[in-house]
Amino acid sequence: MSSKNDTLPTIGRTWHDIRIGQPVGPLTYSVTREMVLDFCHALPADQKPYVDAQAAAGMMPPTMLCTDYIPLLHEHLDLGWGLMARHSLAIHKSVAIGDTVTVTGEIAEKYEKKGRHYWTLDYSVRNSRGELCLENRITCSVD
Amino acid sequence: MTQEAMKTNIAMTQDAINAFGALIGKRIPWLKRKPGTGHHADPEAAKSVGLRGPVAFSLHYYAQVSQLMTERFGQRWLETGKIAVSFIKPVCAGDALRIHIGDRPVQRVTEDDDSRMSLQVDIYNQLDELVAAGSVSIKT
């Protein structure tokens with residue numbers, strides 16, 4: 001069941017098209033101060049002092065790139081209106097503002113439960129030295 | 001071992017949802033959504049898929065958990081932190097959330113030969129319904 005008002009362009013790829021072990025990415029981009037400040041400003045007011053302090057110290061909030069599953073899956077799966085079931089993050093190294101990161105992933109699972117179709121994606125962020133910084137695992141439904 | 005619980009409140013307004021939703025489009029322009037559309041912003045679109053109203057991004061209030069841990073543990077969180085949360089009920093525009101970390105006794109766990117301190121994460125809405133739950137941990 002899809003929202004009639006989905007606004008991301010659809011590519012005709014459904015849950016049935018993805019396969020376990022399928023690689024996604026890479027995405028490569030610079031973590032800019034502007035990105036970090038935008039993220040800080042999207043958080044509630046009582047968190048801003050702490051987040052702004054991180055930005056001033058030159059560090060990216062570790063959850064800032066958790067949404068990278070969206071561009072990673074963009075050419076592989078129409079996300080539809082599915083809801084997030086679980087997310088986990090392991091932080092190995094802080095990411096410095098100004099660094100260039102590479103994000104890669106792999107479809108880890110797909111299953112049906114109580115009439116809904118779920119997928120799980122493992123995706124990792126490495127810094128410009130190739131060091132593993134962040135490991136994410138996300139599970140969402142597509143319906 | 002005891003730790004004082006960490007707590008924060010979030011008013012999940014439509015403006016707050018829109019602000020978080022705009023982040024991915026600003027960072028990756030080819031993914032930018034038309035404002036006011038989709039189940040995160042359009043009440044009719046949200047209701048058409050069985051939601052009470054426009055749904056919040058789970059990673060929005062997930063980010064608050066990380067920020068609370070950063071505030072409390074600083075660099076130790078930023079270099080050894082782990083978080084795992086299950087999302088139980090949708091959070092919609094107009095909801096008020098309470099994030100609690102560490103309401104229950106600290107757990108000592110060992111992972112990959114590392115000793116870690118684990119704390120419970122509980123997120124409630126204004127009806128005192130548990131909307132998300134999980135854990136955070138840091139290396140000790």
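Analyst: The account below covers the conventions, the core, a helix and a loop residue.

This is a predicted model, in which local features need pLDDT of at least 70 and side-chain atom pairs count only at pLDDT 80 or more, while totals for chains, interfaces and linings use all residues. Residues are numbered from 1 along each chain as its sequence is written, chains are lettered from A and ligands numbered from 1 in the order in which they are written, and side-chain values use heavy atoms, with hydrogens and water left out.

A nonpolar core is a set of buried Ala, Val, Leu, Ile, Met, Phe, Trp, Tyr and Cys residues joined through side-chain atoms within 4.5 Å; buried means under 20% relative accessible area (1.4 Å probe, protein chains only). The largest such core has 78 residues, and the members touching the most others are A:Tyr69, A:Trp119, A:Leu121, B:Tyr61 and B:Ile101. Helix α3 of chain B (residues 58-73) supplies the largest share, 8 residues; helices are DSSP runs (H or I, at least four residues) and strands likewise (E, at least two), numbered from the N terminus.

Leaving out residues up to four places away in sequence, A:Tyr69 touches (heavy atoms within 4.5 Å) A:Leu79, A:Met84, A:Trp119, A:Leu121, A:Tyr123, A:Ile138 and B:Leu59. Another core, of 5 residues, lies apart from the largest one and includes B:Ala46, B:Val49, B:Leu51 and B:Val55.

B:Gly81 sits in the loop between α4 (75-80) and β2 (82-87) of chain B. B:Gly81 counts as buried because its relative accessibility is 0%. Beyond neighbours within four places in sequence, its contacts include A:Leu89, A:Ala90, A:Ile91 and B:Arg116.

Definitions and conventions: Buried means under 20% relative accessible area, exposed over 50%, partly exposed in between (1.4 Å probe, protein chains only).
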